[in-house]
Amino acid sequence: MTINDYKFAGQKAIVRVDFNVPLDSEGKITDDTRIRGALPTLKKILADGGSLIIMSHMGKPKGKVKAELSLGQIKDAVAAALGTGVKFAPDCAKASDAAAALKPGEVLLLENLRFYPEEEGKPVGIDKEDPAYEDAKKAMKAAQKEFAKTLASYADCYVNDAFGTAHRKHASTAVIADYFDKDHKMLGYLMEKEVQAVDNILSNIHRPFTAIMGGSKVSTKIGIIENLMDKVDNLILCGGMTYTFAKAQGGKIGNSICEDDKLQLALDIIEQAKAKGVNLVLGSDCVAADAFSNDAHTQVVPANEIPDGWEGMDAGPETRKAFAQAIEGAKTILWNGPAGVFEFDNFTGGSRAIAEAIAKATANGAYSLIGGGDSVACINKFGMADKVSYISTGGGALLEAIEGKVLPGVAAIND
Ligand code: AMP
């Protein structure tokens, strides 16, 4: 079933969204991107004459009620975004009456799902080493099913539009789908777009395909690097990873960030790229600093000849040129992770060069997907969000999808 085919008129839809928005100390939303992301789905259901039960988590209350993580704080913002009144159910597991009373066009927002440990389905207050842990886990799984069943009982159909949590098998993201038949559960528009974006990168590839992986560590990106190795033509590895590769090849890296237990892995990646005919682009020069600070002294040095007391903080000019060359001719581009310590304005140059090359390639017809919190932050910082094809809203979920893992939130609906 798809959201465009379903007849919502007179139906109650329970929709899992990701309203895990950042709040300031007064409970005001500081970035409403996630609310705006869910609007097309929510508005479509209301416009078709359905009623809405909206559910989400916020933060990590770990199964306890925490006033500062109450979704009640964002009720008015959701109402303003939808242009209609929103009722609030202060206990998400006791909302049957409120849900039953909903008339077409009306909206009910449920309290934070994670105030119940059943949402995540992990036993709380018991150590994994405890002999009673396995029994507690079983009991929690049974309780999770009951919780999901309760949520399901509020509505005629289920829509999942929370890509940010699609990699979690939680009550509201996956288990709940068991209580609807295949004609009454579907992905929302945002989920459809995200799934399509991943498909464009993993299956529907136009060549050449350039992937840019940055960030601080090889270890957290290795799954993706290995999955991409069979698909890409050019693989740029940048950011803090540069120095693990430089050291592995015998370079001097000063105080640069390095994973000493991943040196062999770095050499294996270089070998794999050779064997598979992938053009691996590593940093040749870098902007080194004499302290981890925006105001540090800097110099451009080869990435494998960093003087003692200095550390590589950003890609150097030669490296930026090599990156641009591998990106500008591409027809499919994936970027995850910055090329330097972009949080400091003086070390954004490498990431900016990548963003500019991606914008140029996109203008020439390439499909570009930007994913992962930091590269999205870069694109926004440079004001280039409208110059790329798609910016993913899912951090962990996107990375797991690109690693080739099945997302439980998607599988629960599609299987
Ligand atoms: P990750 O969470 O692994 O995607 O890494 C993102 C972080 O990597 C950002 O906070 C960057 O500041 C950091 N990063 C990028 N390049 C470097 C570098 N050369 N040295 C230290 N940290 C870096």
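The legends below describe close-up views of a predicted model. Local features are given at pLDDT of at least 70 and side-chain atom pairs at pLDDT 80 or more, whereas totals for chains, interfaces and linings use all residues. Residues are numbered from 1 along each chain as its sequence is written, and side-chain values use heavy atoms, with hydrogens and water left out.

Figure 1. Four residues of domain 1 and seven residues of domain 2 take part in the contact (heavy atoms within 4.5 Å). About 470 Å² is buried between domain 1 and domain 2, and carbon and sulfur atoms give 68% of this area; buried area is the accessible area (1.4 Å probe) that two parts lose on being put together, summed over both. On the side of domain 1, Phe-163, Gly-164 and His-167 lose the most area to domain 2, together 84% of what that side buries. Zero salt bridges are found across this interface (a salt bridge is a side-chain nitrogen of Lys or Arg within 4 Å of a carboxyl oxygen of Asp or Glu).

**Figure 2. Helix H2 and its buried face.** Helix H2 spans residues 75-82, and its buried residues are Val-78, Ala-79 and Leu-82. Helices (H or I, at least four residues) and strands (E, at least two) are DSSP runs, numbered from the N terminus. Buried means under 20% relative accessible area, exposed over 50%, and partly exposed in between (1.4 Å probe, protein chains only). Seen down the axis of H2, the buried residues fall within an arc of 100°, so they line one face of the helix; the arc is that of the directions from the helix axis to the C-beta atoms. The face turned away from the buried side carries the exposed residues Asp-76 and Ala-80. The cover over the buried residues of H2 includes helix H1 (33-47), strand S2 (51-55) and strand S4 (107-110). Just after H2, Gly-83 takes a positive phi of about 70°.

**Figure 3. The surroundings of Glu-119 and Arg-16.** Glu-119 is in helix H4 (residues 117-120) and counts as buried at 0% relative accessibility. The side chains of Arg-16 and Glu-119 meet in a salt bridge (3.5 Å, N to O). This pair links distant parts of the chain, with Arg-16 in strand S1 (residues 12-16) and Glu-119 in helix H4, 103 residues apart. Arg-16 is likewise buried, with a relative accessible area of 0%. A polar contact of 2.6 Å also joins the side chains of Glu-119 and Ser-172. A polar contact is a pair of N or O atoms within 3.5 Å; within protein, one must be able to donate a hydrogen and the other to accept it, and residues adjacent in sequence count only if both atoms are side-chain atoms.

**Figure 4. Thr-173 in its loop.** Thr-173 lies in the loop between strand S5 (157-160) and strand S6 (185-187) and is buried, with a relative accessible area of 0%. A polar atom of the Thr-173 side chain lies 2.9 Å from the backbone nitrogen of His-170. Leaving aside neighbours within four places in sequence, the residues in contact with Thr-173 include Arg-16, Tyr-158 and Gly-409.

**Figure 5. The salt bridge of Asp-345 and Lys-381.** The closest N and O atoms of this pair are 3.0 Å apart. Asp-345 lies in the loop between strand S15 (332-336) and helix H11 (349-363) and Lys-381 in helix H12 (residues 373-381), so the pair ties together parts 36 residues apart in sequence. Asp-345 counts as exposed at 52% relative accessibility, while Lys-381 is partly exposed at 40%.
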